[in-house]
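Here's a quick briefing to read with the model open in your viewer.

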Amino acid sequence: MHHYLLPLIFITLVYVAMIVMNERYRLFSADHFSSTAIKVIAYVWLGILLFGLVILITGSSLRIPTAQELARVPFYSLFGLHAVLFVFLIGWWLLTKRPPLGEFLNIPRHGNGEAVLTGFAVGVGGWIFTISIALIIGLILVASGVMPKNPQPSPMIGWMAALPLWKKGVIVLSAMTIEEAFFRGWLQKRIGVIASTILFALAHSGLGQPFLLIGVTLISLVIGFTFYRTKNLIPGIIAHGIFDAVQLFVIIPVVFKMSGMGAG
């Protein structure tokens, strides 16, 4: 139980800070509650999400499943986090008087052709930037002895690398839409780029690969800054999809094949 203590303390501070900031400085200025009672219910709904995620993510990061266990895991279980975020967004949308979805998620009605092109540019450029910086940081950490020279990928990464193409496609589609809708369209709009990036990285800690968190953090900053500049969710969705697709369809399988782990 002590493994949960620090994450629970951290999320409690985050939760209390969000409520206090809203009461004093209207942190949730984008939201419109019909009454004080509805606002209190929204606070409770937010607490259920935050504390539920902490328990879910901490539990998954404490015990990394073996390859044999993963072979028995149903495919749909990969989408537990996305399902939680999706349900939360629906609940919050209902509690805030059901605003137009485009307004709620920051998807304008016009100019989205340019937004798609921006997303492709950010996705490709962000991937190059993220990989370059992550490699530099990785080399520094290895040289300083913080990271092992030949870190072994977790069984989860290997399992995902071996998935059929259509399953990888579903994972990318789910991640690029639901994660961006929550972490950028909902969370960043309320607490800013840095705080939402930290929570985005922590949400991926269950992969069992600490080095990946460097890349996740960097690409989140790139996408977060793009959302801040454009006020449009679409570039982030496209960029997120490109980054995940390159990793899942190209980088991870190639690395496993070169290392011999993907044989057989």
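A salt bridge here is a side-chain nitrogen of Lys or Arg within 4 Å of a carboxyl oxygen of Asp or Glu. By that rule, R184 pairs with E180, their closest N and O atoms sitting 2.7 Å apart. Keep in mind that this is a predicted model, where local features need pLDDT of at least 70, side-chain atom pairs count only at pLDDT 80 or more, and totals for chains, interfaces and linings use all residues. Residues are numbered from 1 along each chain as its sequence is written, and side-chain values use heavy atoms, with hydrogens and water left out.

**Salt bridges**

- Searching the whole structure turns up three salt bridges. As a reminder, side chains of opposite charge can pair when their charged atoms come close.
- R184 and E180 share helix α8, four residues apart, or about one turn of the helix. Helices are DSSP runs (H or I, at least four residues), numbered from the N terminus.
- Both R184 and E180 are buried. The accessibility classes are buried under 20% relative accessible area, exposed over 50%, and partly exposed in between (1.4 Å probe, protein chains only).
- R190 and D31 make another salt bridge, at 2.6 Å from N to O. This one links distant parts of the chain, with R190 in helix α8 and D31 in the loop between α1 and α2, 159 residues apart.
- R190 counts as buried because its relative accessibility is 5%. D31 is buried too, because its relative accessible area is 5%.
- K39 and E23 also meet in a salt bridge, with N to O at 3.1 Å. That pair joins helix α2 (K39) to helix α1 (E23), distant parts of the chain 16 residues apart.
- E23 sits at 44% relative accessibility, so E23 counts as partly exposed.

**The second largest pocket**

- What volume does the second largest pocket have? About 340 Å³, where a volume is the space filled by probe spheres set on the grid points, and points are joined across faces, edges and corners.
- For the pocket search, a 1 Å grid is laid over the protein atoms alone; a pocket is an open set of points where a 1.4 Å probe fits, with protein on both sides within 12 Å along at least five of seven lines. Lining residues have an atom within 4 Å of a point.
- The lining of this pocket takes in 18 residues, and L53, V54, I57, L202 and A203 are the ones nearest its centre.
- Two or more lining residues come from each of α1 (5-25), α2 (36-62), α8 (165-191) and α9. Helix α2 gives the most, with seven residues.
- By type, the lining splits into 14 nonpolar, four polar and no charged residues. In that count, Ala, Val, Leu, Ile, Met, Phe, Trp, Tyr, Cys and Pro are nonpolar, Asp, Glu, Lys and Arg are charged, and the others, Gly among them, are polar.

**A nonpolar surface patch**

- F10, I194, I198, L202 and L221 make up a nonpolar patch on the surface, with about 430 Å² of accessible area together. Patch members have over 30% relative accessible area and no salt bridge, and nonpolar side chains (Val, Leu, Ile, Met, Phe, Trp, Tyr) are joined within 5 Å.
- Accessible areas come from the Shrake-Rupley method with a 1.4 Å probe, and for residues only the protein chains shown count as cover.
- Helix α9 (residues 193-203) supplies the largest share of the patch, three residues.
- L221 lies in helix α10 (residues 210-230). L221 is partly exposed because its relative accessible area is 32%.

**Positive phi and close approaches**

- Most residues other than glycine have a negative phi. R98 has a positive one, near 45°, and is found in the loop between α4 (80-95) and α5 (101-105).
- R98 counts as exposed because its relative accessibility is 56%.
- N106 has a positive phi as well, near 60°, and belongs to the loop between α5 and α6 (112-143). Its relative accessibility is 15%, so N106 counts as buried.
- N106 and G185 are 79 residues apart in sequence, yet 6.1 Å apart from C-alpha to C-alpha.
- G185 is in helix α8, and it is buried because its relative accessible area is 0%.
- W159, in helix α7 (residues 155-161), is buried because its relative accessible area is 17%.

Conventions
Patches are made of residues with over 30% relative accessible area and no salt bridge: like charges are joined within 9 Å, nonpolar side chains (Val, Leu, Ile, Met, Phe, Trp, Tyr) within 5 Å.
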